[in-house]
Amino acid sequence: MELGLKGRRAIVCAASKGLGRSVAFSLAREGVDLVITARGEAALAETAAAIRAETGVKVEIAAGDITTESGRAAALALCPAPDILINNAGGPPAGDFRKFTDADWEAALRANMLTPIALIRATVDGMIERRFGRIVNITSAAVKSPIPALGLSNGARAGLTGFVAGLARQVAKHNVTINNLLPGPFMTDRLRDNAATAARASGRSVEDELAARAAANPTGRVGTPEEFGDACAFLCSAQAGFIVGQNLLLDGGAFNAAFG
């Protein structure tokens with residue numbers, strides 16, 4: 001399916017690896033020029049080179065921390081009027097909420113709620129004027145099925161979800177959509193790191209932990225970053241203008257509910 005995105009411009013946050021990288025590749029294959037961000041400049045440059053080599057689109061890099069004002073300014077300087085914004089940032093650490101400090105909460109809110117809101121604020125009015133915009137926030141399946149040990153993530157991402165629910169309905173009439181993608185288990189470095197932590201606690205191998213995670217999913221596997229990237233690209237498509245303010249769960253059916 002032709003997604004009607006050729007010649008559009010996108011900012012993709014945290015795009016040097018994992019789900020962000022896959023989203024960048026999927027958009028580039030549709031002819032979207034990119035500004036990609038990440039803290040690690042070497043990995044970011046490698047990703048940019050790989051995307052250019054495969055797709056031929058224009059890719060610029062903004063190395064830095066997107067959760068800081070300077071990091072956001074660097075990305076927006078390269079692409080002040082994006083047609084597509086992909087908000088993405090690593091989740092905060094797990095732990096017992098009794099031990100979280102105010103600084104822990106502030107960091108979580110800054111990364112997973114306030115930064116996406118700041119980038120939306122900086123770009124949405126231009127999208128409204130041009131009568132095209134697609135904003136996708138990569139959040140977490142924990143928004144619908146909270147994970148007890150991820151209190152920081154549960155709280156911050158739920159705050160963003162509530163904010164988006166209100167704003168999305170205000171801008172939809174201008175052909176600007178805002179939605180959230182909620183990933184479950186995908187084969188990324190983060191999943192491997194979590195499996196390694198579980199393996200140390202259980203005495204099993206990392207491979208056994210990953211296999212157990214796959215077996216527990218209704219699909220019998222974990223997701224691939226590529227299928228996540230393609231799902232995100234469709235949400236950004238010209239055809240997706242009637243999908244507004246949704247929390248779309250990509251978890252292989254792990255969340256068991258008749259009504260989500």
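Is Thr177 buried or exposed? I looked it up: Thr177 counts as buried, at 1% relative accessibility. My cut-offs are under 20% relative accessible area for buried, over 50% for exposed, and partly exposed in between, with a 1.4 Å probe and protein chains only.

**Ground rules.** I am working on a predicted model, where local features need pLDDT of at least 70, side-chain atom pairs count only at pLDDT 80 or more, and totals for chains, interfaces and linings use all residues. I number residues from 1 along each chain as its sequence is written, and side-chain values use heavy atoms, with hydrogens and water left out.

**Thr177.** I place Thr177 in strand E6, residues 176–183. Helices (H or I, at least four residues) and strands (E, at least two) are DSSP runs, numbered from the N terminus. I then listed its contacts, leaving aside neighbours within four places in sequence: Gly133, Arg134, Ile135, Leu235, Ala240, Gly241, Ile243 and Val244. Contact here means heavy atoms within 4.5 Å.

**Glu41.** I find Glu41 in helix H2, residues 41–55. Glu41 counts as exposed, at 52% relative accessibility. Beyond its neighbours within four places in sequence, Glu41 touches Ile61 and Ala63. Glu41 and Ile61 are 20 residues apart along the chain, and their C-alpha atoms are separated by 8.3 Å.

**Positive phi.** Ala14 sits in the loop between strand E1 (9–12) and H1, and is partly exposed at 26% relative accessibility. I also noted Arg131, not a glycine either, with a positive phi of about 60 degrees. Arg131 lies in the loop between H4 and E5. Its relative accessible area is 46%, so it is partly exposed.

**Domains.** I have two entries for the protein chain: domain 1 (7–183 + 224–246) and domain 2 (185–221). The bounds come from an automatic or database domain assignment. Their contact takes 10 residues from domain 1 and 6 residues from domain 2. The domain centres, taken over C-alpha atoms, are 25 Å apart. About 630 Å² is buried between the domains, and carbon and sulfur atoms give 59% of that area. Buried area is the accessible area (1.4 Å probe) that two parts lose on being put together, summed over both.

**Second largest pocket.** Where does the second largest pocket lie? Domain 1 and domain 2 both give residues to its lining, so it lies between them. A pocket is an open set of points on a 1 Å grid over the protein atoms alone, with protein on both sides within 12 Å along at least five of seven lines; a cavity is a set where a 1.4 Å probe fits but cannot get out; lining residues have an atom within 4 Å of a point. I read a volume of about 200 Å³. The lining has 13 residues, with Gly18, Arg21, Ser22, Pro225 and Glu226 nearest the centre. H1 gives the largest share, 6 residues. Helix H1 (18–29), helix H6 (189–202) and helix H8 (225–235) each supply at least two.

**Largest cavity.** I find 1 cavity of 30 Å³ or more. Of its 14 lining residues, Asn87, Asn88, Ala89, Ala111 and Pro116 are closest to the centre. The largest cavity holds about 80 Å³ of space. H4 gives the most to this lining, with 4 residues.

Methods
Points joined across faces, edges and corners; volume = space filled by probe spheres on them.
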